[in-house]
Amino acid sequence: MIENSNSEKKIKKNKCSSDNHNNHDHNHNHEDGSHDHGVIQEFLHHFPYAIFSVALSMIILSLLDYNGQADNLERSCSGFHMLFHSFHFLHILFASTGTVLTYSRFAKNPTLIKTLLIGTISPMIFCILSDVLLPYLSGYALGVEMDLHICFYRELHNVLPFLLMGVLNGLVLKSHHSAALNVFSLGSHFTHILISSLASLFYMVSHGFHNWYPQMGYVFLFLVIAIVVPCTFSDVIIPMYFAYKEPNKK
Ligand SMILES: [Zn+2]
Ligand SMILES: [Zn+2]
């Protein structure tokens, strides 16, 4: 049931390519002050989360497949599309909140304009990269004809509310130290990376790589890279880079 021939893949691919997905970024949030280390340290810090998240995501996907949808390709593709979108949009939400928090925490002079620019552009780029572009390229690298679906381009109206709400959430959290801050800071690396893993994996299976199982080792490998690199950049490196780059006006 799981070994599909190439032609089956194509059929699946076509059925899945009806396009209701896009990728959006990932978001990462951290603002727990633990980011005073270098780029390498940040990657190492995110790496175990990525390993565990991708592994857990594969288990979830396997259970969904096992649960009887595998024999109904169309249904499972559209279900995976839906899951991709849910996690992708959630990723954008978490990433924009996290970026705003990290940036405003470390910047000496965080103006509203700069915060808004960094809080929207960075998650936009890195969520597309981790949830869409890298899974897309990984699929191609493994010999699968993938579909490209970028939600920022195809359905901006669905993306913007999550992005704007994420930024607003970051602004609210930074000025009111509510208990909710913990949700977006301490546990945020893991939450963020898990959401990103699920988005990436569901993107892969709903955009051409339905038959992922025979190559699950490579899928695992590629996804860990696809997640850890963009999420570390979006969570920490970019907001901190801009925060430290500013002239010290205080
Ligand atoms: Zn979309
Ligand atoms: Zn991310």
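Is the crossing of α3 and α6 left-handed or right-handed? To find out, start with this predicted model, where local features need pLDDT of at least 70, side-chain atom pairs count only at pLDDT 80 or more, and totals for chains, interfaces and linings use all residues. Residues are numbered from 1 along each chain as its sequence is written, and side-chain values use heavy atoms, with hydrogens and water left out.

**Stop one: two helices.** Select residues 73-106 for α3 and 156-175 for α6; helices here are DSSP runs (H or I, at least four residues), numbered from the N terminus. Their axes, lines fitted to C-alpha atoms over the stretch in contact, lie 7 Å apart at an angle of about 30°. That makes α3 roughly parallel to α6 (angles under 35 degrees count as such). The crossing is right-handed, meaning that the near helix is turned clockwise from the far one by less than a right angle.

**Stop two: where they touch.** Show Phe89, Ile92 and Leu93, among the α3 residues that meet α6; on the α6 side, include Phe162, Leu163 and Val167. Contact means heavy atoms within 4.5 Å.

**Stop three: the core.** Now select Phe202, Phe209, Val219 and Leu223, the residues with the most contacts inside the largest nonpolar core, which has 42 residues. Such a core is a set of buried (under 20% relative accessible area, 1.4 Å probe, protein chains only) Ala, Val, Leu, Ile, Met, Phe, Trp, Tyr and Cys residues joined through side-chain atoms within 4.5 Å. Helix α8 gives the largest share, ten residues.

**Last stop: Phe202.** Beyond its neighbours within four places in sequence, Phe202 is in contact with residues including Ile60, Leu64, Phe80 and Phe84.

Note on methods
Chains lettered and ligands numbered in written order. Axes fitted to C-alpha atoms, helices over the stretch in contact; angles between N-to-C directions. Parallel < 35°, antiparallel > 145°, perpendicular 65-115°, else oblique. Buried < 20%, exposed > 50% of the residue type's maximum accessible area, 1.4 Å probe, protein only.
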